[in-house]
Amino acid sequence: MDHGGHGMTMDLPPFTLGRGLEWSADPFFLTACLLGLGLYGWGVVRLRRRGDSWPVGRTISYVIGVLTVGLVMCTKLNDYGMVMFSVHMVQHMIISMLSPILLLLGAPVTLALRALPPAARGRKGPRELLLMFLHSRYMKIITHPAFTIPLFIASLYALYFTPIFDFLMGSKTGHIAMMVHFLAVGVVFFWPIMGVDPGPSRPGYLMRMLELFAGMPFHAFFGIALMMASEPMVETFKHPPASLGIDALSDQNAAGGIAWAFSEIPSVLVLIALLFQWYGSEQRQAKRQDRAADRDGDKELEAYNAYLASLNTRGN
């Protein structure tokens with residue numbers, strides 16, 4: 001039996017971390033990762049050659065983000081994830097909740113806007129099209145909490161507890177589409193909360209924290225539902241290959257534990273990023289106010305000097 005076109009997954013030996021991290025590239029994700037790194041690298045080099053700086057921290061964050069996608073999609077984790085619910089859940093959690101945060105902190109859209117050359121007057125080049133997309137009504141809709149939070153929650157419950165999951169896992173294309181979906185949902189959910197790139201208008205920092213915590217409990221409940229279940233709930237993982245030597249129900253319980261525990265990690269990461277952004281924003285605001293106060297002070301001084309000069313003129 002061939003699960004999702006990933007070779008004869010029936011013959012997989014029992015899972016160990018060493019085996020899971022062996023190279024086994026998915027062509028689609030390998031190409032996407034290399035392309036993502038190449039384009040980002042091009043942008044950074046272009047800025048440097050122009051004499052502009054680009055924060056090293058952003059580059060590191062983006063590269064690690066791409067590597068996390070490669071880790072779960074271009075190793076044997078991807079093969080084991082086709083037949084083991086627990087390994088699949090590790091893939092899902094990383095690609096939907098860790099990779100998006102790291103990619104967003106790399107500010108790839110800002111880099112693109114700074115690196116792409118502006119088009120000639122009256123024309124629309126890649127940079128102009130990207131700006132139009134960022135300020136479009138479509139972007140406002142897909143980054144609004146009324147859309148992102150339900151989508152984030154539905155990606156768990158509507159997928160795993162309906163036949164959709166089994167349908168997608170039945171083919172390699174379906175599996176790739178599902179993983180792309182997880183990544184996209186993560187990006188769309190976290191972008192309005194802590195993304196550094198320009199985009200639709202964002203609420204204040206307290207509201208963003210509320211958005212973050214509105215989605216996370218549902219993740220925990222999903223994990224608990226899997227842990228508490230008395231029978232396997234997902235058809236794909238009901239009959240694991242005998243060569244793995246695992247029990248479907250205990251593997252599902254492990255998957256639930258992973259989903260439950262993992263929801264804490266992005267919450268902490270995003271909270272730290274938000275607090276840093278909030279602090280930076282306050283500092284910039286304070287500097288602006290200081291500059292404005294200095295200007296006002298200068299104007300008052302000039303006015304007073306002019307007043308003294310006019311008195312002096314009258315006296316003469």
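This report describes aromatic pairs, charges over rings, cysteines and the nonpolar core of the structure above.

The structure is a predicted model, in which local features need pLDDT of at least 70, side-chain atom pairs count only at pLDDT 80 or more, and totals for chains, interfaces and linings use all residues. Residues are numbered from 1 along each chain as its sequence is written, and side-chain values use heavy atoms, with hydrogens and water left out.

**Aromatic pairs**

A pair of aromatic rings is described by the distance of the centres and the angle of the planes. Here, rings of Phe, Tyr and Trp (its six-membered ring) pair if their centres lie within 6.5 Å; planes under 30 degrees apart count as stacked, over 60 as edge-to-face and the rest as tilted. By this rule the model contains 18 aromatic pairs. One of them joins tyrosine 157 and phenylalanine 161, whose planes stand at 75° with the centres 6.0 Å apart, so the pair is edge-to-face. Phenylalanine 189 and phenylalanine 190 also form an edge-to-face pair, with 5.0 Å between centres and 75° between planes.

| Residue | Relative accessible area | Class |
|---|---|---|
| Tyrosine 157 | 26% | partly exposed |
| Phenylalanine 161 | 32% | partly exposed |
| Phenylalanine 189 | 1% | buried |
| Phenylalanine 190 | 0% | buried |

Ring pairs also link Phe85, Tyr157, Tyr160, Phe161, Phe165, Phe222 and Phe237 into a cluster.

**Charges over rings**

A charge sits over a ring if NZ of Lys or CZ of Arg is within 6 Å of the ring centre and within 35 degrees of the ring normal. Arginine 58 lies over the face of tryptophan 54, 5.1 Å from the ring centre. Arginine 208 is placed over the face of tyrosine 205, at 4.3 Å from the ring centre.

**Cysteines**

There are zero disulfides (pairs of cysteine sulfur atoms within 2.5 Å). For cysteine 33, the closest cysteine sulfur belongs to cysteine 74 and is 5.4 Å away, too far for a bond. Cysteine 33 is buried at 12% relative accessible area, and cysteine 74 is buried at 3%.

**Nonpolar core**

A nonpolar core is a set of buried Ala, Val, Leu, Ile, Met, Phe, Trp, Tyr and Cys residues joined through side-chain atoms within 4.5 Å. The largest such core has 72 residues, and Met89, Ile95, Tyr160 and Phe190 have the most contacts inside it.

How values were computed
Buried < 20%, exposed > 50% of the residue type's maximum accessible area, 1.4 Å probe, protein only.
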